[in-house]
Amino acid sequence: MLTLSTTHRPATDLGFLLVKHPDRVHTFDLSSGTATVLYPEASEQRCTAALLVEIDPQRLADTRADGQQLNQYVNDRPYAASSLLAAALNRVFRTAARGVSKDRPELAATAIPLEIGVPSLRAKGGLKLAERLFTPLGWTVRGTVLPLDPAFPEWGDSRYVDLTLTGELRLADALNHLYVLLPVLDDAKHYWVAPDEIEKLLRAGDGWLAGHPERALIIRRYLAHSRALAAKADAALAPLEEAPADDSVAEGPAVEKTKPLNVRRRAAVLAALADTGATRVLDLGCGGGALLGDLIRDRRYTEIVGADVSPKVLEIAERRLRLKRLPDRQRARIKLIQSALTYVDERLRGYDAAVLMEVIEHLDAPRLPALCAAVFGDAKPGAVVVTTPNVEYNVRYEGLAEGGHRHDDHRFEWTRAEFTAWCDRVAADYGYAYALRDVGDADPEVGPPTQLALFTKTETAVAEEVPA
(Lines give C-alpha, C1' and ligand atoms only; values in the text may rest on other atoms or scores of the structure.)
Protein backbone atom coordinates (compact mmCIF):
# COMPACT_ATOMS: atom_id res chain seq x y z
CA MET A 1 0.00 0.00 0.00
CA LEU A 2 1.00 3.62 -0.64
CA THR A 3 -0.79 6.78 0.49
CA LEU A 4 -0.40 10.22 -1.05
CA SER A 5 -1.73 13.27 0.83
CA THR A 6 -1.79 17.03 0.32
CA THR A 7 -2.93 20.04 2.33
CA HIS A 8 -3.00 22.32 -0.70
CA ARG A 9 -6.25 24.32 -0.74
CA PRO A 10 -8.60 23.04 -1.97
CA ALA A 11 -7.00 19.68 -1.20
CA THR A 12 -9.57 17.81 -3.31
CA ASP A 13 -7.81 19.18 -6.40
CA LEU A 14 -5.60 16.14 -5.89
CA GLY A 15 -8.32 14.19 -7.65
CA PHE A 16 -7.90 16.35 -10.77
CA LEU A 17 -4.12 15.85 -10.74
CA LEU A 18 -4.38 12.08 -10.34
CA VAL A 19 -7.35 11.91 -12.76
CA LYS A 20 -9.20 9.86 -10.12
CA HIS A 21 -12.44 11.21 -8.60
CA PRO A 22 -12.38 11.22 -4.77
CA ASP A 23 -15.97 9.97 -4.53
CA ARG A 24 -15.28 6.74 -6.40
CA VAL A 25 -13.29 3.54 -6.01
CA HIS A 26 -11.10 2.86 -9.05
CA THR A 27 -9.93 -0.66 -9.90
CA PHE A 28 -7.27 -1.71 -12.45
CA ASP A 29 -6.09 -5.08 -13.68
CA LEU A 30 -2.34 -5.70 -13.51
CA SER A 31 -0.22 -8.51 -14.90
CA SER A 32 0.53 -9.43 -11.28
CA GLY A 33 -2.86 -8.80 -9.67
CA THR A 34 -5.22 -5.89 -9.02
CA ALA A 35 -4.68 -2.22 -8.14
CA THR A 36 -7.29 -0.15 -6.32
CA VAL A 37 -7.31 3.63 -5.78
CA LEU A 38 -9.59 5.09 -3.11
CA TYR A 39 -9.72 8.17 -0.90
CA PRO A 40 -9.92 7.55 2.87
CA GLU A 41 -10.19 11.32 3.38
CA ALA A 42 -11.20 14.11 0.99
CA SER A 43 -11.83 17.58 2.34
CA GLU A 44 -10.75 21.06 1.35
CA GLN A 45 -8.17 20.99 4.15
CA ARG A 46 -6.60 17.59 3.48
CA CYS A 47 -7.01 14.90 0.84
CA THR A 48 -5.44 11.44 0.75
CA ALA A 49 -5.37 8.96 -2.11
CA ALA A 50 -4.46 5.36 -1.28
CA LEU A 51 -3.10 2.87 -3.80
CA LEU A 52 -3.56 -0.76 -2.76
CA VAL A 53 -1.97 -3.53 -4.81
CA GLU A 54 -3.24 -7.07 -4.31
CA ILE A 55 -0.91 -9.69 -5.71
CA ASP A 56 -2.25 -12.84 -7.32
CA PRO A 57 0.54 -15.40 -6.80
CA GLN A 58 -0.71 -17.62 -9.61
CA ARG A 59 -0.88 -14.74 -12.09
CA LEU A 60 2.55 -13.49 -11.01
CA ALA A 61 4.07 -16.93 -11.43
CA ASP A 62 2.55 -17.33 -14.90
CA THR A 63 4.15 -14.07 -16.09
CA ARG A 64 7.65 -15.03 -14.98
CA ALA A 65 10.10 -16.59 -17.43
CA ASP A 66 10.82 -19.29 -14.88
CA GLY A 67 7.19 -19.66 -13.89
CA GLN A 68 7.20 -23.46 -14.08
CA GLN A 69 9.74 -23.77 -11.28
CA LEU A 70 8.52 -24.88 -7.90
CA ASN A 71 10.04 -21.86 -6.15
CA GLN A 72 7.39 -19.64 -7.75
CA TYR A 73 4.83 -21.37 -5.53
CA VAL A 74 6.95 -21.91 -2.43
CA ASN A 75 8.15 -18.40 -1.58
CA ASP A 76 8.71 -16.93 1.88
CA ARG A 77 9.19 -13.36 0.63
CA PRO A 78 6.29 -11.00 1.48
CA TYR A 79 4.77 -8.95 -1.31
CA ALA A 80 5.89 -5.67 0.22
CA ALA A 81 6.36 -2.41 -1.66
CA SER A 82 8.84 -2.97 -4.48
CA SER A 83 8.89 -2.96 -8.27
CA LEU A 84 5.38 -4.45 -8.08
CA LEU A 85 4.14 -1.21 -6.57
CA ALA A 86 6.28 0.86 -8.96
CA ALA A 87 4.68 -0.93 -11.91
CA ALA A 88 1.23 -0.23 -10.44
CA LEU A 89 2.12 3.47 -10.05
CA ASN A 90 3.09 3.61 -13.71
CA ARG A 91 -0.13 1.89 -14.78
CA VAL A 92 -2.54 3.83 -12.57
CA PHE A 93 -1.00 7.34 -12.46
CA ARG A 94 0.67 7.52 -15.88
CA THR A 95 -0.97 10.82 -16.88
CA ALA A 96 -0.13 12.44 -13.55
CA ALA A 97 3.51 11.30 -13.83
CA ARG A 98 3.77 13.14 -17.14
CA GLY A 99 2.75 16.37 -15.41
CA VAL A 100 -0.41 16.63 -17.50
CA SER A 101 -3.79 17.81 -16.19
CA LYS A 102 -6.62 18.86 -18.49
CA ASP A 103 -8.58 20.43 -15.63
CA ARG A 104 -5.75 21.92 -13.53
CA PRO A 105 -2.76 22.53 -15.89
CA GLU A 106 -1.28 25.31 -13.76
CA LEU A 107 -1.51 23.23 -10.59
CA ALA A 108 0.20 20.30 -12.32
CA ALA A 109 3.21 22.57 -12.91
CA THR A 110 3.22 23.86 -9.31
CA ALA A 111 4.99 22.46 -6.25
CA ILE A 112 2.43 21.59 -3.58
CA PRO A 113 2.77 20.17 -0.04
CA LEU A 114 2.86 16.38 -0.25
CA GLU A 115 3.12 13.50 2.19
CA ILE A 116 3.87 9.97 0.98
CA GLY A 117 3.37 6.97 3.22
CA VAL A 118 4.66 3.46 2.48
CA PRO A 119 3.96 1.32 5.55
CA SER A 120 5.86 -1.76 4.42
CA LEU A 121 8.86 -1.14 2.20
CA ARG A 122 11.79 -3.48 1.76
CA ALA A 123 14.89 -1.26 2.08
CA LYS A 124 18.23 -2.93 1.53
CA GLY A 125 20.30 -0.29 3.28
CA GLY A 126 17.59 0.79 5.72
CA LEU A 127 16.48 4.30 6.55
CA LYS A 128 19.98 5.70 6.06
CA LEU A 129 19.90 4.73 2.39
CA ALA A 130 16.36 6.08 2.06
CA GLU A 131 17.63 9.42 3.35
CA ARG A 132 20.55 9.40 0.90
CA LEU A 133 18.16 8.74 -1.96
CA PHE A 134 15.25 11.06 -1.15
CA THR A 135 16.77 13.99 0.79
CA PRO A 136 18.70 15.44 -2.21
CA LEU A 137 15.37 15.58 -4.08
CA GLY A 138 13.74 17.86 -1.52
CA TRP A 139 12.07 15.27 0.72
CA THR A 140 12.16 15.06 4.49
CA VAL A 141 12.49 11.40 5.43
CA ARG A 142 10.97 9.83 8.55
CA GLY A 143 10.48 6.20 9.28
CA THR A 144 10.61 3.20 11.54
CA VAL A 145 12.47 -0.03 11.00
CA LEU A 146 10.01 -2.92 11.36
CA PRO A 147 10.99 -5.78 13.68
CA LEU A 148 11.50 -9.20 12.20
CA ASP A 149 8.73 -10.43 14.51
CA PRO A 150 7.07 -8.20 17.14
CA ALA A 151 6.51 -11.25 19.31
CA PHE A 152 10.26 -11.98 19.41
CA PRO A 153 12.11 -8.66 19.73
CA GLU A 154 15.36 -10.51 20.39
CA TRP A 155 15.35 -11.57 16.72
CA GLY A 156 16.16 -7.99 15.80
CA ASP A 157 15.12 -5.79 12.91
CA SER A 158 13.92 -6.84 9.48
CA ARG A 159 14.86 -5.26 6.17
CA TYR A 160 11.47 -3.57 6.05
CA VAL A 161 10.66 0.00 7.03
CA ASP A 162 7.56 2.13 7.53
CA LEU A 163 8.54 5.16 5.45
CA THR A 164 7.08 8.68 5.37
CA LEU A 165 8.21 11.39 2.95
CA THR A 166 7.17 15.03 3.24
CA GLY A 167 8.03 17.90 0.96
CA GLU A 168 6.80 20.56 -1.42
CA LEU A 169 7.17 19.23 -4.96
CA ARG A 170 5.29 18.84 -8.20
CA LEU A 171 3.13 15.74 -8.06
CA ALA A 172 4.68 14.47 -11.31
CA ASP A 173 8.17 14.70 -9.79
CA ALA A 174 7.03 12.84 -6.67
CA LEU A 175 5.58 9.98 -8.71
CA ASN A 176 8.71 9.67 -10.84
CA HIS A 177 10.92 9.63 -7.74
CA LEU A 178 8.84 6.76 -6.34
CA TYR A 179 8.77 4.88 -9.64
CA VAL A 180 12.56 4.74 -9.75
CA LEU A 181 13.54 4.62 -6.09
CA LEU A 182 11.12 2.02 -4.70
CA PRO A 183 12.76 -0.84 -6.66
CA VAL A 184 16.17 0.73 -6.00
CA LEU A 185 15.61 0.50 -2.25
CA ASP A 186 14.34 -3.06 -2.69
CA ASP A 187 17.34 -3.88 -4.93
CA ALA A 188 15.22 -6.42 -6.81
CA LYS A 189 12.66 -6.55 -9.59
CA HIS A 190 9.84 -8.96 -10.24
CA TYR A 191 10.58 -9.17 -13.98
CA TRP A 192 13.50 -9.66 -16.34
CA VAL A 193 15.48 -6.44 -16.87
CA ALA A 194 15.94 -5.84 -20.61
CA PRO A 195 17.63 -2.95 -22.51
CA ASP A 196 14.34 -1.04 -22.72
CA GLU A 197 14.65 -0.46 -18.96
CA ILE A 198 17.24 2.22 -19.78
CA GLU A 199 14.62 4.27 -21.59
CA LYS A 200 12.22 3.90 -18.65
CA LEU A 201 14.94 5.07 -16.26
CA LEU A 202 15.87 8.06 -18.42
CA ARG A 203 12.23 9.07 -18.83
CA ALA A 204 11.41 8.89 -15.12
CA GLY A 205 14.79 10.33 -14.10
CA ASP A 206 14.61 13.32 -16.43
CA GLY A 207 15.61 16.49 -14.62
CA TRP A 208 16.88 14.92 -11.38
CA LEU A 209 18.83 11.71 -11.84
CA ALA A 210 21.83 13.11 -13.76
CA GLY A 211 22.89 15.30 -10.84
CA HIS A 212 21.88 12.98 -7.99
CA PRO A 213 24.79 12.23 -5.60
CA GLU A 214 23.76 8.54 -5.52
CA ARG A 215 23.34 8.33 -9.29
CA ALA A 216 25.72 5.38 -9.74
CA LEU A 217 23.96 3.31 -7.06
CA ILE A 218 20.52 4.18 -8.47
CA ILE A 219 21.50 3.17 -12.00
CA ARG A 220 23.19 -0.03 -10.87
CA ARG A 221 20.31 -1.24 -8.71
CA TYR A 222 17.54 -0.13 -11.07
CA LEU A 223 19.18 -2.08 -13.91
CA ALA A 224 19.67 -5.21 -11.79
CA HIS A 225 23.45 -4.77 -11.56
CA SER A 226 23.95 -5.26 -15.31
CA ARG A 227 27.28 -3.59 -16.10
CA ALA A 228 26.46 -3.25 -19.79
CA LEU A 229 23.08 -1.60 -19.22
CA ALA A 230 24.44 0.60 -16.44
CA ALA A 231 27.28 1.84 -18.68
CA LYS A 232 24.83 2.82 -21.42
CA ALA A 233 22.52 4.57 -18.97
CA ASP A 234 25.39 6.41 -17.33
CA ALA A 235 26.69 7.61 -20.69
CA ALA A 236 23.24 8.90 -21.63
CA LEU A 237 22.92 10.67 -18.28
CA ALA A 238 26.40 12.24 -18.22
CA PRO A 239 25.87 15.74 -16.86
CA LEU A 240 26.16 18.53 -19.41
CA GLU A 241 28.76 21.02 -18.26
CA GLU A 242 28.51 24.70 -18.97
CA ALA A 243 31.15 25.94 -21.41
CA PRO A 244 33.47 28.61 -19.94
CA ALA A 245 32.49 32.18 -20.68
CA ASP A 246 35.49 32.70 -22.97
CA ASP A 247 34.64 29.54 -24.94
CA SER A 248 37.93 27.95 -23.93
CA VAL A 249 38.33 24.47 -22.47
CA ALA A 250 39.78 24.35 -18.96
CA GLU A 251 42.62 21.89 -18.60
CA GLY A 252 44.04 22.59 -15.16
CA PRO A 253 45.46 19.35 -13.70
CA ALA A 254 44.03 19.96 -10.23
CA VAL A 255 40.54 20.33 -11.73
CA GLU A 256 40.92 17.50 -14.20
CA LYS A 257 41.91 14.89 -11.63
CA THR A 258 38.63 15.32 -9.77
CA LYS A 259 36.52 14.58 -12.85
CA PRO A 260 35.38 11.13 -14.03
CA LEU A 261 36.97 9.78 -17.18
CA ASN A 262 33.91 10.31 -19.38
CA VAL A 263 33.90 14.02 -18.51
CA ARG A 264 37.66 14.34 -19.11
CA ARG A 265 37.28 12.51 -22.41
CA ARG A 266 34.70 15.01 -23.62
CA ALA A 267 36.91 17.88 -22.47
CA ALA A 268 39.81 16.42 -24.47
CA VAL A 269 37.63 16.10 -27.57
CA LEU A 270 36.42 19.68 -27.19
CA ALA A 271 40.00 20.88 -26.83
CA ALA A 272 41.00 19.02 -30.01
CA LEU A 273 38.04 20.51 -31.90
CA ALA A 274 38.96 23.98 -30.67
CA ASP A 275 42.48 23.51 -32.05
CA THR A 276 41.07 22.84 -35.53
CA GLY A 277 39.04 26.05 -35.64
CA ALA A 278 35.98 24.09 -36.78
CA THR A 279 32.52 25.66 -36.65
CA ARG A 280 30.48 22.94 -38.45
CA VAL A 281 30.83 19.63 -36.61
CA LEU A 282 29.63 16.02 -36.90
CA ASP A 283 29.26 13.80 -33.83
CA LEU A 284 29.29 10.34 -35.43
CA GLY A 285 27.85 7.62 -33.18
CA CYS A 286 26.49 10.35 -30.90
CA GLY A 287 24.66 7.95 -28.57
CA GLY A 288 22.63 9.66 -25.86
CA GLY A 289 23.98 13.12 -26.75
CA ALA A 290 26.52 13.83 -23.98
CA LEU A 291 28.99 15.53 -26.34
CA LEU A 292 26.20 17.22 -28.29
CA GLY A 293 25.15 19.05 -25.14
CA ASP A 294 28.66 20.47 -24.75
CA LEU A 295 28.72 21.53 -28.40
CA ILE A 296 25.34 23.27 -28.14
CA ARG A 297 26.58 25.34 -25.22
CA ASP A 298 29.64 26.54 -27.14
CA ARG A 299 28.68 29.43 -29.40
CA ARG A 300 31.57 28.87 -31.80
CA TYR A 301 29.76 25.85 -33.31
CA THR A 302 27.22 27.18 -35.79
CA GLU A 303 26.09 23.80 -37.19
CA ILE A 304 26.05 20.56 -35.21
CA VAL A 305 24.92 17.16 -36.50
CA GLY A 306 24.50 14.09 -34.33
CA ALA A 307 24.36 10.79 -36.21
CA ASP A 308 23.63 7.33 -34.85
CA VAL A 309 22.38 4.06 -36.30
CA SER A 310 19.77 3.56 -33.55
CA PRO A 311 16.49 5.53 -33.77
CA LYS A 312 15.78 4.75 -30.11
CA VAL A 313 19.11 6.23 -29.03
CA LEU A 314 18.39 9.34 -31.09
CA GLU A 315 15.05 9.70 -29.30
CA ILE A 316 16.90 9.52 -25.98
CA ALA A 317 19.34 12.20 -27.18
CA GLU A 318 16.50 14.45 -28.32
CA ARG A 319 14.73 14.12 -25.00
CA ARG A 320 17.93 14.54 -22.99
CA LEU A 321 18.91 17.69 -24.88
CA ARG A 322 15.34 19.02 -24.62
CA LEU A 323 15.51 20.04 -28.27
CA LYS A 324 11.81 20.82 -28.46
CA ARG A 325 12.20 23.38 -25.68
CA LEU A 326 15.19 25.19 -27.17
CA PRO A 327 14.68 28.67 -28.64
CA ASP A 328 14.31 28.60 -32.43
CA ARG A 329 17.73 30.14 -32.95
CA GLN A 330 19.41 27.46 -30.82
CA ARG A 331 17.33 24.66 -32.31
CA ALA A 332 18.38 25.67 -35.83
CA ARG A 333 22.04 24.95 -34.96
CA ILE A 334 21.55 21.22 -34.36
CA LYS A 335 19.94 18.26 -36.07
CA LEU A 336 19.89 14.52 -35.39
CA ILE A 337 20.01 12.00 -38.23
CA GLN A 338 19.95 8.23 -38.45
CA SER A 339 22.98 6.98 -40.33
CA ALA A 340 25.10 3.82 -40.41
CA LEU A 341 28.75 4.85 -40.41
CA THR A 342 29.83 1.89 -42.51
CA TYR A 343 27.87 3.22 -45.51
CA VAL A 344 28.34 6.34 -47.60
CA ASP A 345 25.93 9.12 -46.61
CA GLU A 346 26.04 12.30 -48.66
CA ARG A 347 24.47 14.24 -45.78
CA LEU A 348 27.79 13.94 -43.92
CA ARG A 349 29.92 15.60 -46.59
CA GLY A 350 31.58 18.98 -46.33
CA TYR A 351 31.90 19.52 -42.57
CA ASP A 352 34.84 21.16 -40.83
CA ALA A 353 35.33 18.33 -38.34
CA ALA A 354 33.92 14.99 -37.23
CA VAL A 355 34.14 13.13 -33.93
CA LEU A 356 34.28 9.36 -33.43
CA MET A 357 34.27 9.23 -29.62
CA GLU A 358 34.39 5.66 -28.28
CA VAL A 359 32.86 4.35 -31.52
CA ILE A 360 35.34 2.26 -33.49
CA GLU A 361 35.68 -0.43 -30.80
CA HIS A 362 31.95 -1.20 -31.16
CA LEU A 363 32.46 -2.41 -34.76
CA ASP A 364 33.70 -5.81 -35.80
CA ALA A 365 37.27 -5.36 -37.02
CA PRO A 366 36.44 -6.45 -40.61
CA ARG A 367 33.94 -3.54 -40.79
CA LEU A 368 36.50 -0.86 -39.92
CA PRO A 369 37.70 -0.38 -43.54
CA ALA A 370 34.10 0.41 -44.54
CA LEU A 371 33.85 3.01 -41.79
CA CYS A 372 37.15 4.58 -42.87
CA ALA A 373 36.01 4.70 -46.49
CA ALA A 374 32.70 6.33 -45.54
CA VAL A 375 34.12 8.87 -43.09
CA PHE A 376 37.66 9.65 -44.27
CA GLY A 377 37.15 8.78 -47.94
CA ASP A 378 33.66 10.07 -48.75
CA ALA A 379 32.59 12.56 -46.07
CA LYS A 380 36.15 13.98 -45.96
CA PRO A 381 35.83 16.38 -43.02
CA GLY A 382 38.70 18.81 -42.51
CA ALA A 383 39.56 17.11 -39.22
CA VAL A 384 38.56 13.91 -37.41
CA VAL A 385 38.87 13.30 -33.66
CA VAL A 386 38.98 9.61 -32.67
CA THR A 387 39.06 8.23 -29.12
CA THR A 388 39.24 4.60 -28.05
CA PRO A 389 40.19 2.68 -24.88
CA ASN A 390 43.80 1.73 -24.25
CA VAL A 391 43.58 -1.98 -23.44
CA GLU A 392 46.95 -1.90 -21.67
CA TYR A 393 45.38 0.24 -18.96
CA ASN A 394 42.73 -2.40 -18.16
CA VAL A 395 45.00 -4.04 -15.59
CA ARG A 396 44.44 -0.96 -13.42
CA TYR A 397 40.69 -1.60 -13.20
CA GLU A 398 39.87 -3.74 -10.17
CA GLY A 399 37.22 -6.33 -10.87
CA LEU A 400 37.82 -6.43 -14.63
CA ALA A 401 38.63 -10.00 -15.61
CA GLU A 402 41.95 -10.63 -17.34
CA GLY A 403 41.40 -10.31 -21.07
CA GLY A 404 37.96 -8.76 -20.54
CA HIS A 405 36.70 -5.59 -22.18
CA ARG A 406 35.44 -2.48 -20.42
CA HIS A 407 32.07 -2.79 -22.13
CA ASP A 408 30.17 -5.91 -23.15
CA ASP A 409 29.58 -4.46 -26.64
CA HIS A 410 33.26 -3.80 -27.39
CA ARG A 411 34.45 -5.99 -30.25
CA PHE A 412 38.09 -5.19 -29.57
CA GLU A 413 40.29 -2.89 -27.51
CA TRP A 414 43.70 -1.84 -28.83
CA THR A 415 47.12 -1.35 -27.34
CA ARG A 416 48.87 1.93 -28.01
CA ALA A 417 50.96 0.29 -30.73
CA GLU A 418 47.88 -1.17 -32.45
CA PHE A 419 46.09 2.19 -32.40
CA THR A 420 49.17 3.93 -33.81
CA ALA A 421 49.44 1.37 -36.61
CA TRP A 422 45.77 1.92 -37.51
CA CYS A 423 46.25 5.69 -37.53
CA ASP A 424 49.29 5.27 -39.82
CA ARG A 425 47.20 3.33 -42.35
CA VAL A 426 44.25 5.73 -42.27
CA ALA A 427 46.48 8.79 -42.66
CA ALA A 428 48.37 7.26 -45.58
CA ASP A 429 45.25 5.98 -47.37
CA TYR A 430 43.16 9.14 -47.12
CA GLY A 431 45.60 12.06 -47.06
CA TYR A 432 45.54 13.05 -43.41
CA ALA A 433 48.20 13.86 -40.85
CA TYR A 434 47.58 12.91 -37.23
CA ALA A 435 48.76 13.58 -33.69
CA LEU A 436 48.20 11.39 -30.64
CA ARG A 437 47.10 12.69 -27.23
CA ASP A 438 46.56 11.08 -23.84
CA VAL A 439 43.17 11.28 -22.11
CA GLY A 440 43.20 10.80 -18.36
CA ASP A 441 46.19 10.36 -16.07
CA ALA A 442 48.89 8.42 -17.89
CA ASP A 443 50.34 5.49 -15.98
CA PRO A 444 54.15 5.25 -16.38
CA GLU A 445 53.88 1.55 -17.21
CA VAL A 446 50.63 1.11 -19.17
CA GLY A 447 49.87 4.61 -20.48
CA PRO A 448 46.58 6.57 -20.34
CA PRO A 449 43.13 5.01 -19.91
CA THR A 450 41.96 6.52 -23.22
CA GLN A 451 43.91 7.35 -26.38
CA LEU A 452 42.98 10.15 -28.77
CA ALA A 453 44.04 10.84 -32.35
CA LEU A 454 43.47 14.17 -34.08
CA PHE A 455 43.50 13.73 -37.87
CA THR A 456 43.83 16.84 -40.07
CA LYS A 457 43.44 16.91 -43.85
CA THR A 458 46.71 17.65 -45.62
CA GLU A 459 46.70 20.26 -48.36
CA THR A 460 49.03 18.51 -50.78
CA ALA A 461 48.28 14.84 -50.33
CA VAL A 462 45.50 13.30 -52.39
CA ALA A 463 43.58 10.53 -50.68
CA GLU A 464 43.38 7.24 -52.50
CA GLU A 465 39.77 6.54 -53.50
CA VAL A 466 38.60 3.38 -51.78
CA PRO A 467 35.14 2.04 -52.72
CA ALA A 468 32.73 1.92 -49.79
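Mentor: Let us begin with the buried residues of helix H9, which are Arg-215, Leu-217, Ile-218, Ile-219, Arg-221 and Tyr-222. Please bear in mind that this is a predicted model.

Trainee: Which helices do the buried residues of H9 pack against?

Mentor: They pack against H6 (126-134), H7, H8 and H10. After H9 comes Ala-224, with a positive phi near 55°.

Trainee: How do you know that Val-180 is in contact with Ile-218 and Tyr-222?

Mentor: Contact requires heavy atoms within 4.5 Å. Leaving aside neighbours within four places in sequence, Val-180 has such contacts with Leu-201, Ala-204, Trp-208, Ile-218 and Tyr-222.

Trainee: Which residues touch the most other members of the largest nonpolar core?

Mentor: They are Phe-134 and Val-180, in a core of 70 residues. Helix H7 (residues 171-186) gives the most to this core, with 10 residues. Apart from it lies another core, of 33 residues, including Leu-348, Val-375, Val-426 and Tyr-430.

Trainee: How do H8 and H10 pack, and what is the handedness of their crossing?

Mentor: The axes of H8 (residues 196-204) and H10 (residues 227-237) are 10 Å apart, at an angle of about 35°. The crossing of H8 past H10 is right-handed. On the H8 side the contact involves Ile-198, Leu-201 and Leu-202, and on the H10 side Leu-229, Lys-232, Ala-233, Ala-236 and Leu-237.

Trainee: How many nonpolar, polar and charged residues does this contact have?

Mentor: The contact of H8 with H10 has seven nonpolar residues, no polar ones and one charged residue. Lys counts as charged, and Lys-232 of H10 is part of the contact.

Trainee: Why is Gly-440 called partly exposed?

Mentor: The term covers relative accessible areas between the buried limit of 20% and the exposed limit of 50%. Gly-440 has a value of 21%, and is therefore partly exposed. Its place is in the loop between strands E13 (432-439) and E14 (450-457).

Trainee: What does Gly-440 touch, not counting residues up to four places away in sequence?

Mentor: Gly-440 touches Leu-261, Arg-264, Pro-448 and Pro-449. Its C-alpha atom is separated by 9.4 Å from that of Asn-262, 178 residues apart along the chain.

Trainee: Why is Lys-380 also described as partly exposed?

Mentor: Its relative accessible area is 36%, so the description partly exposed applies to Lys-380. This residue is found in the loop between helix H16 (368-379) and strand E12 (383-389).

Definitions and conventions:
Residues numbered from 1 in each chain as written. Predicted model: local features only at pLDDT ≥ 70, side-chain atom pairs only at ≥ 80, totals over all residues. Heavy atoms only, no water. Core = buried A, V, L, I, M, F, W, Y, C linked by side-chain atoms within 4.5 Å. Buried < 20%, exposed > 50% of the residue type's maximum accessible area, 1.4 Å probe, protein only. Helix = DSSP H or I, 4+ residues; strand = E, 2+ residues; numbered from the N terminus. Axes fitted to C-alpha atoms, helices over the stretch in contact; angles between N-to-C directions. Left-handed = near helix turned anticlockwise from the far one by under 90°.
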